[in-house]
Each structure stands twice: as structure tokens, then as C-alpha cells.
Amino acid sequence: MVNRKQFSRKFAERYGVTYQDADQICRNAFELLGSLLYEEKEDVVITGFGAFKHKKAKAKNVRHPSTGEMLVTPERDFVKFTPSELLDVKED
């Protein structure tokens, strides 16, 4: 697994920029992506990478595991990521 700092280091090495510049670029890109998805409620499609689309989960009845009491989970929004076919790499 690669975290943001490791991603920024790899970005800096690959594209010949300083780590500080790469880190700022990554922070800004992820901040914008989050803002578009969660604040502005826009779907984001990045050609060659994938699509982030808004979905709604319906309200449903569930049983509390400890008490057995029936509860209703409210309807909620979530974001689903669908990778591009270009990322769909099959390993042998």
C-alpha cells in the first residue's frame, strides 16, 4: 500500500520535480477531488483511470446484533469508484 507521502516521492522522482512541489500538487489534486465529490456532489470521470459516481443506498430494516432489536438505517449517499478498462490488468 502506498500512502500520500510515498506517492508524492514517487511523483517527484518520475517527473523530476522537488518533493515539496510534488506533495503540494498531490494535496491540491486530492483536495479538489474530495471537494467535487462531497461538497459539490459532482460525478468525476478521469479518462484512463476511472469514474467516481454518486449512488444512494436505500433505507432498510436491520437487526441489532446484541439486542435483537429491529432498527431502520436511513437512506444515505455514497461514492462508488469504477476503474477504467485500461486499469483492468489481469494477472496470470
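This is a predicted model: local features need pLDDT of at least 70, side-chain atom pairs count only at pLDDT 80 or more; totals for chains, interfaces and linings use all residues.
Student: Quick one to start. Where is lysine 41 found?
Tutor: Lysine 41 is in the loop between α2 and β1.

Student: Salt bridges next. How many does a search of the whole structure find?
Tutor: The search gives 3 salt bridges. The rule is a side-chain nitrogen of Lys or Arg within 4 Å of a carboxyl oxygen of Asp or Glu.

Student: What does aspartate 23 form with arginine 4?
Tutor: Their side chains meet in a salt bridge, at 2.3 Å from N to O. That pair links distant parts of the chain: aspartate 23 is in helix α2 (residues 19-39), arginine 4 in helix α1 (residues 4-15), and they are 19 residues apart.

Student: Is aspartate 23 buried or exposed?
Tutor: Aspartate 23 counts as buried, at 11% relative accessibility. Arginine 4 is partly exposed, with a relative accessible area of 28%. The cut-offs: buried is under 20% relative accessible area, exposed is over 50%, partly exposed is in between (1.4 Å probe, protein chains only).

Student: And what does aspartate 23 form with arginine 27?
Tutor: Another salt bridge, with the closest N and O atoms 3.1 Å apart. Aspartate 23 and arginine 27 are separated by about one helical turn, because they are 4 residues apart in helix α2. Arginine 27 is partly exposed at 39% relative accessibility.

Student: Which residue does aspartate 77 meet?
Tutor: Lysine 56, in a salt bridge of 2.7 Å, N to O. Aspartate 77 lies in strand β5 (residues 76-83) and lysine 56 in strand β2 (residues 50-57), so the pair ties together parts that are 21 residues apart in sequence. Aspartate 77 is partly exposed at 42% relative accessibility. Lysine 56 is exposed, with a relative accessible area of 55%.

Student: Which residues do shared partners join into one network?
Tutor: Arg4, Asp23 and Arg27.

Student: New topic, rings. How many aromatic pairs?
Tutor: The count comes to 4 aromatic pairs. One of them is phenylalanine 11 with tyrosine 15, which is tilted: 5.0 Å centre to centre, 50° between the planes. Rings of Phe, Tyr and Trp (its six-membered ring) pair if their centres lie within 6.5 Å; planes under 30 degrees apart are stacked, over 60 edge-to-face, the rest tilted.

Student: Where do phenylalanine 11 and tyrosine 15 lie?
Tutor: Both are in helix α1, 4 residues apart, about one turn of the helix. Phenylalanine 11 is partly exposed at 23% relative accessible area, and tyrosine 15 is exposed at 53%. Phenylalanine 49 and phenylalanine 81 also form a tilted pair, 5.4 Å centre to centre with 45° between the planes. That pair links distant parts of the chain: phenylalanine 49 is in the loop between β1 (44-46) and β2, phenylalanine 81 in strand β5, 32 residues apart.

Student: Which residues form one aromatic cluster?
Tutor: Phe49, Phe52 and Phe81.

Student: What lies over the face of tyrosine 19?
Tutor: Arginine 9, at 4.2 Å from the ring centre. The test is NZ of Lys or CZ of Arg within 6 Å of the ring centre and within 35 degrees of the ring normal.

Student: Last thing. Which residues line the largest pocket?
Tutor: Phe7, Lys10, Phe11, Arg14 and Tyr15. A pocket, on a 1 Å grid over the protein atoms alone with a 1.4 Å probe, is an open set of points with protein on both sides within 12 Å along at least five of seven lines; lining residues have an atom within 4 Å of a point.

Student: How much space lies in the largest pocket?
Tutor: About 160 Å³. Volume is the space filled by probe spheres set on the points, with grid points joined across faces, edges and corners.

Notes. Residues are numbered from 1 along each chain as its sequence is written. Side-chain values use heavy atoms; hydrogens and water are left out. Helices (H or I, at least four residues) and strands (E, at least two) are DSSP runs, numbered from the N terminus.
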